[in-house]
Amino acid sequence: MGESHLFYQTSSRRPRIARAEGIYLWDTSGKRYIDASSGPMVSNIGHSNPRVLDAMKRQMDSATFAYRLHFENDAAESLATLTASLMPEGLDRIFFVSGGSECVESCLKLARQYAYVSGQQKRWKVISLFPSYHGSTLGAVAVTGMHQFVEPFRDMIREMPKIPAATCYLDHDELSHEERGLRYANMLRDEIERQGPESVLAFIMEPVGGASTGALVAPDSWYREVQKICREYGVLLIADEVMTGAGRTGRFLASEHWGLQPDIIAMAKGFAAGYAPLGAMAAKRDIVTAVVDNGGFAHGYTYAGNPLACAAGLAVLEEVRRQGLVDNAAQRGASLKASLAALMGRYPFIGDVRGKGLLLAFELVADRYTMEPLPAELNAHVLLVEEAYRRGLIIYSRRTRGGTVGDHFMVCPPLIVNDTDLDEILQLLIDSLDAFADSSSLPVNREISL
Ligand SMILES: Cc1ncc(COP(=O)(O)O)c(C=O)c1O
């Protein structure tokens, strides 16, 4: 292989992909990998689904691009209709983009332009959580709560106010779980008051945390209270369902678990499940009408509503429905979560297992009671992923506590997994954890076999 002219985030590189099918990927040496993280929680329906490929080929035979200022296209229209039918009541206006960051940018700008045209020009602040991840573009970085993605750009952005994510699993207090939820939700109220309610435009959050927190789920009371506070202050609620949307958590939207009624929703990742770069913003009709009828949305992308991407998205959502993948995510997710929790018996350094549906993660710690993280310099988040990769198991890791310390691992296979697939994933994970523990001198209760 000659010199590569490509670059990504770091200089480390991976083998080349040869082909992918179902939950498996093969590199050009013939080695097989199980995609137990669906890439970065993207490949919800598995790889190379023949129905989706056929739909894309049919679209390619008619048109791969038709610019929206010149032509409408059936694929975008049908996908918008289907998407609207899957959204909470009233969110029936759909705007297509090419990915999660573009989607979050679109949500922020639509919210702001709505305030701008409806006599609320002073509202521009978007409160978000720490930790959180909302994307890589500068607008998304301004609401992202992860040090390493924000720090170099701090001078270039207008950083938005953050409140702590509801990391109740780290708290040692006398409160019940639900009381803790209220305590964290009230931080939103306090922040709105501190910022000046007339200046607060929106609150953006991931209903189930993604890579920044490792599938953090707040107490039920948090969601109820956050919704109430947003309504009370006229603050728009933006649900970033880029990772959680399209069935990953066992409901089409994670917001549904708590009956949340966001004003604007961002979806991407599983929405076209890796078959095309595609995301969708869903927004309330009155928000969109106010903006579109008052000079138009001052925002757009060349590839918005691309017919090939939309044909892929439409076929993906049809597969999600045809195969009952949302229910499968709920059922297989519950059993995978129980199996991950059972690993805590063998590995005292697993501090927490969390998530919903097939958005699941476990976190490693030095002490399960204090939840003190493993030493940062151990780089557990890299070591365990590499042990797994060597064995042909792909899992996804990040630093947990805002990006600098803590190690969590997402185990988020495609929603098509069956029990045999889960057994294979778990066995490889156990082998990887054993090897990681040995190389890092961490204890293993070997008498507990799983
Ligand atoms: C919750 C959330 N929002 C936004 C994004 C950004 O999406 P993309 O990487 O497609 O731009 C991500 C990506 O991981 C995400 O998890």
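**Close-up 1. Strand 5 (residues 125-130) and strand 7 run parallel and are joined by three bridges.** In this predicted model, local features require pLDDT of at least 70 and side-chain atom pairs count only at pLDDT 80 or more, whereas totals for chains, interfaces and linings use all residues. Residues are numbered from 1 along each chain as its sequence is written, and side-chain values use heavy atoms, with hydrogens and water left out. Strands (E, at least two residues) and helices (H or I, at least four) are DSSP runs numbered from the N terminus; two strands pair if DSSP finds at least two bridges between them. Lysine 125 stands opposite valine 200 of strand 7.

**Close-up 2. Strand 7 (residues 200-205) is mostly covered.**

**Close-up 3. Strand 7 and strand 8 (residues 236-240) are parallel and joined by four bridges.** Leucine 236 in strand 8 is the bridge partner of alanine 202. Together with helix 8 (residues 220-233), strands 7 and 8 make a right-handed β-α-β unit; right-handed means that, with the strands pointing away from the viewer, the path from the first strand over the helix to the second runs clockwise.

**Close-up 4. The structure holds zero disulfides.** A disulfide is a pair of cysteine sulfur atoms within 2.5 Å. The sulfur of cysteine 103 has its closest cysteine sulfur in cysteine 107, at 4.8 Å, too far for a bond. For cysteine 412, the closest cysteine sulfur is that of cysteine 103, 20 Å away and likewise too far for a bond. Cysteine 103 counts as buried at 0% relative accessibility, and cysteine 412 counts as buried at 0%.

Terms used: Buried means under 20% relative accessible area, exposed over 50%, partly exposed in between (1.4 Å probe, protein chains only).
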